[in-house]
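Please look at the chain shown here, first as a whole and then element by element.

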Amino acid sequence: MTAANGRQAGTMRGEDTVSAVVRQWQAVHPELDTGPMEIIGRINRCAALLQQAEDAPLRRAGLSRPEFDLLGALRRTGHELTPGELARETFSSGAAVTKRLKQLTERGLVERRGDTRDRRVAHLRLTDAGRDLVDGILPEQLAYETSVLAVLDPQGQGELARLLGELLGRLEGRLGALRV
């Protein structure tokens, strides 16, 4: 059995929306290896579905996913960050971070403190309200993620985490090298 045959057989057993897309591409271009599509397509589809469902607690709190990511970065690092550091922590552009910080500051969730040596630099930290908001939402987020992953046994979860970690580490290394 070839890798392509194994993929097709596996696709038939575990029918999902990506399976149909792969079959359609195989019919149009049978000479192409659609294997990468089966992985990348499923990662993208899972990410989109997870984000839609996960964003419900954020919407109730009046936050967008990128705003929560900024608040989360300030909470988990446990210290003040500059806007540039926040941009790197959240994989966001400086302009996007600036816009979101303005909204979060107006809502009283983030405080800005000027640098005593360089007026161009701002230091940011969560307010008590910001910390309480993050700490209130996080358990609900984690409970949802736990329920989603319950379809996999603990060994399967560990293997998936390991494989995705390996892929992410390589992608981050490759993209980091390209930026230099």
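What follows goes from the overall layout to a core, a helix, a loop and a pocket.

This is a predicted model, in which local features need pLDDT of at least 70 and side-chain atom pairs count only at pLDDT 80 or more, while totals for chains, interfaces and linings use all residues. Residues are numbered from 1 along each chain as its sequence is written, and side-chain values use heavy atoms, with hydrogens and water left out.

The secondary structure of the chain consists of eight helices and two strands, where helices (H or I, at least four residues) and strands (E, at least two) are DSSP runs numbered from the N terminus. Read from the N terminus, the elements follow the order α-α-α-α-α-α-β-β-α-α. Of the 180 residues in the chain, 24% are buried, a word that stands for under 20% relative accessible area, with exposed meaning over 50% and partly exposed in between (1.4 Å probe, protein chains only). Among contacts (heavy atoms within 4.5 Å) between residues at least 6 apart in sequence, 49% join residues at least 24 apart.

The largest nonpolar core has 20 residues, among which Leu 63, Leu 71, Leu 74, Leu 86, Leu 101, Leu 104 and Val 110 touch the most other members; such a core is a set of buried Ala, Val, Leu, Ile, Met, Phe, Trp, Tyr and Cys residues joined through side-chain atoms within 4.5 Å. At least two residues of this core come from each of α4 (65-77), α5 (83-90), α6 (94-106), β2 (122-126) and α7 (128-149), and α4 gives the largest share, with five residues. As for Leu 101, if residues up to four places away in sequence are not counted, Leu 101 touches Leu 70, Pro 83, Leu 86, Val 110, Arg 112 and Leu 124.

Which residues of α5 are buried? They are Leu 86, Ala 87 and Thr 90, and they lie on the same side of α5 because they cover an arc of only 105° around the axis, the arc being that of the directions from the helix axis to the C-beta atoms. The buried residues of α5 pack against α4, α6 and β2. After α5 comes Phe 91, which has a positive phi of about 55° although it is not a glycine. Phe 91 is found in the loop between α5 and α6 and counts as exposed, at 68% relative accessibility.

Leu 81, in the loop between α4 and α5, is buried, with a relative accessible area of 4%. Leaving aside neighbours within four places in sequence, Leu 81 is in contact with Ala 73, Leu 74, Leu 86, Glu 89, Ala 122, His 123 and Leu 124. Leu 81 and Arg 125, although 44 residues apart in sequence, are 6.8 Å apart in space, C-alpha to C-alpha.

The lining of the largest pocket comprises 42 residues, of which Ile 43, Cys 46, Ala 47, Leu 50 and Leu 164 lie nearest its centre. On a 1 Å grid over the protein atoms alone, a pocket is an open set of points where a 1.4 Å probe fits, with protein on both sides within 12 Å along at least five of seven lines, and lining residues have an atom within 4 Å of a point. The largest share of this lining, twelve residues, comes from α3.
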